[in-house]
Amino acid sequence: MFNYSFRWNQALQALPQMLEGALVTLQIAILSMAIGIVIAIVLTLFRLSGSKALSALAQTWVEVARNTPALFQIYMAHFGLGAFGIHLSPYASLLLGITFNNAGYLAENFRGALKAIPETQIRAGRSLGMPQLQAFRLIVMPQMLRIAFLPATNQMIWAILMTSLGVTVGMNTDLAGVTQDLNARSFRTFEFFALAAVIYYVIAKVVMLAARGIAWRMFRY
Amino acid sequence: MKTSTLAFTFLAASGLALPAAADALDDIISSGELRCAVVLDFPPMGSRDENNNPIGFDVDYCNDLAAALGVEAEIVETPFPERIPALMSGRVDVGVASTSDTLERAKTVGMSIPYFAFEMAVTARDGSGVTSFDTMKGKTVGATAGTYEAIALQEQVDAWGEGSFRPYQTQADVFLALAQGQIDATVSTSTVAQANVKSGNFEGISVVGMAPFDTDYVSLFAMREEYGLINYLNLFINQQVRTGRYAELYEKWVGGEVPDLTVGSVYR
């Protein structure tokens, strides 16, 4: 039995509001990726450092980030830290949760990329007189980032989709939050959610195509 | 007989043989089951007892309705934002979920006459400086996403032009955020506010006054085009009041003076 009459106009009238929300979504995703990449590089270096403590720390981060639901990570950032008197705004909680998740996945990405680079590359650099760190920075890192670039765009798309979990911590300015707000007022659920889904789809698609374009320009031989 | 006459006779006969399409009311009676959407984190209207069984005013109300229809009641736990989607997707027959009868919602679903009325109270965290509704200005406040008071409060925060509003998914999250200090105050129905403050689950919060929002009348709801069912619901609500069952349930779950379900000088 399906007797719902679609009223697309109501949803379309709210499109400008939803697009504003989409900008916030994109902003959070980009920020969380930028910070996530920096943390992931640090975690990767920790693992290579040879120090047991640092390596264990990096490994724990990766394990927790990859093996617990993103929803919990965001919820913990808000209500978990809240229990200890640390109060983050919904925006900050969402950003923290997603960044934590991103850093874990990206660190694994980078580790895989590193493994694909032959050790002889470092040796070649060393034989040219470069110190270890310089050889890593100038020879290994660029290759690593290159190999990890396309897998990282997957993570970017995942980050965009993860922002929708912010509604659980009171986020009401991103696309999911705005959509939920509109839905609560009129309950034109199917229309609003369908429209939001289309916007998410378009953003993800554009990001993917842009990443391919960048990869093509930057990494061709 | 000509072929065309034969065909016509056949068509006419088959048309007559088709049963009239059953409506939702018939469907419920013949299925022997009434599925009600009830919110179960909204005491005293809906919650769970220590054995995890659904209890509360709305639960009893659904049971009464099922008894009137002569069918079994099934309580379908439904969070606030999912009440109307649950109806639309056919998971429930009726919403007995303290649903405010806003005109905006009535564009989507069919609302019965009011079956309960809420007044709105302000609950604040001790030390937040909120001592009344007006002192909420400029503070961080929150409420359960999609509720009548959330919509009214958000509009008020916009009108004040300072402070911020956060919608949470459940009433429990709102009070958790309040007790943790994530928000300074909330507006909820006075029944919920009292129940949460008394529960002892949340420390350092108290009811500091009433919010000047209109009385929140709540309705049962069904599919917009199911006039038969909506008609039945209206009469059922009328009978609940007439027979004293409404007052009885009110005394059992809330206590105090029974709110009036009518507005003066106007029908419905």
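How many salt bridges does the rule find across the interface of chain A and chain B? Hello everyone, let's start there: the count is 0, where a salt bridge means a side-chain nitrogen of Lys or Arg within 4 Å of a carboxyl oxygen of Asp or Glu.

Some ground rules before we go on. This is a predicted model, in which local features need pLDDT of at least 70 and side-chain atom pairs count only at pLDDT 80 or more, while totals for chains, interfaces and linings use all residues. Residues are numbered from 1 along each chain as its sequence is written, chains are lettered from A and ligands numbered from 1 in the order in which they are written, and side-chain values use heavy atoms, with hydrogens and water left out.

Now, chain A by itself. Chain A has 9 helices and 0 strands, both taken as DSSP runs numbered from the N terminus (helices are H or I, at least four residues; strands are E, at least two). The C-alpha trace of chain A spans about 70 × 50 × 30 Å along its principal axes. Of its 221 residues, 45% are buried, that is, under 20% relative accessible area with a 1.4 Å probe, protein chains only.

The UniProt record, an unreviewed entry, lists residues 22-46, 147-172 and 192-211 of chain A as "transmembrane region"; such annotations may be inferred rather than shown by experiment. In the model, residues 22-46 of chain A are 100% helix, with end C-alpha atoms 35 Å apart. For residues 147-172 of chain A, the helix share is 62% and the end C-alpha atoms lie 37 Å apart.

Finally, a stop in chain B. B:Thr191 sits in helix α8 (residues 190-199) of chain B, and B:Thr191 counts as buried because its relative accessible area is 10%. Setting aside neighbours within four places in sequence, B:Thr191 is in contact with B:Pro43, B:Pro44, B:Phe118 and B:Val254.

Methods. Buried < 20%, exposed > 50% of the residue type's maximum accessible area, 1.4 Å probe, protein only. Contact = heavy atoms within 4.5 Å.
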